[in-house]
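Morning, everyone. Here is the model I promised to walk through.

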Amino acid sequence: DEYLVAGKGLIVTFATEGAIAGIESIWEGTFVDGRWRPGRLLNGDESHQGRHLRIAETAFEIQRVRLYRYR
């Protein structure tokens, strides 16, 4: 499962029916000529060890999130 999250001042968590969702990776990035251009790969400190995605209130950002599921 992969999602794009855009905005500022956000905290996003993920849940799935019948399984637990964790964050596999979060990439900051932009779109150039309609194509995704990845920037910085965020680590466990920025994803709070895979629990949630956070975008600060100070600037608009786009982040691409990939999830994993386990039971």
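Start with Tyr70, which sits in strand β6, residues 61-70. Strands here are DSSP runs of E, at least two residues, and are numbered from the N terminus. A word on the source: this is a predicted model, where local features need pLDDT of at least 70, side-chain atom pairs count only at pLDDT 80 or more, and totals for chains, interfaces and linings use all residues. Residues are numbered from 1 along each chain as its sequence is written, and side-chain values use heavy atoms, with hydrogens and water left out.

Back to Tyr70. It counts as partly exposed, because its relative accessibility is 39%; buried means under 20%, exposed over 50%, partly exposed in between, with a 1.4 Å probe and protein chains only.

Now the inside. Which residues make up the largest nonpolar core? There are 9: Val5, Ala21, Ile23, Ile26, Leu42, Leu53, Ile55, Val65 and Leu67. A nonpolar core is a set of buried Ala, Val, Leu, Ile, Met, Phe, Trp, Tyr and Cys residues joined through side-chain atoms within 4.5 Å. The largest share, 3 residues, comes from β3.

Next, Gln63, also a β6 residue. Buried or exposed? Gln63 is buried, at 1% relative accessible area. Beyond its neighbours within four places in sequence, Gln63 has contacts that include Val5, Ile26, Leu42, Leu53 and Ile55. Contact means heavy atoms within 4.5 Å.

Now charges. How many salt bridges does the structure hold? It holds 5. The rule: a side-chain nitrogen of Lys or Arg within 4 Å of a carboxyl oxygen of Asp or Glu.

Take Arg69 and Asp1: their closest N and O atoms are 2.5 Å apart. Arg69 lies in β6 and Asp1 in the segment before β1 (2-7), so this pair ties together parts 68 residues apart in sequence. Arg69 is partly exposed at 48%, and Asp1 is partly exposed at 42%.

Then Arg64 and Glu2, with closest N and O atoms 2.9 Å apart. Arg64 is in β6 and Glu2 in β1, so the pair ties together parts 62 residues apart in sequence.

One more pair: Arg40 and Glu46, at 3.6 Å, N to O. Shared partners also matter for the picture: salt bridges join Glu2, Arg64 and Arg66 into one network.

That's my tour. Over to you.

Note on methods
Helices (H or I, at least four residues) and strands (E, at least two) are DSSP runs, numbered from the N terminus.
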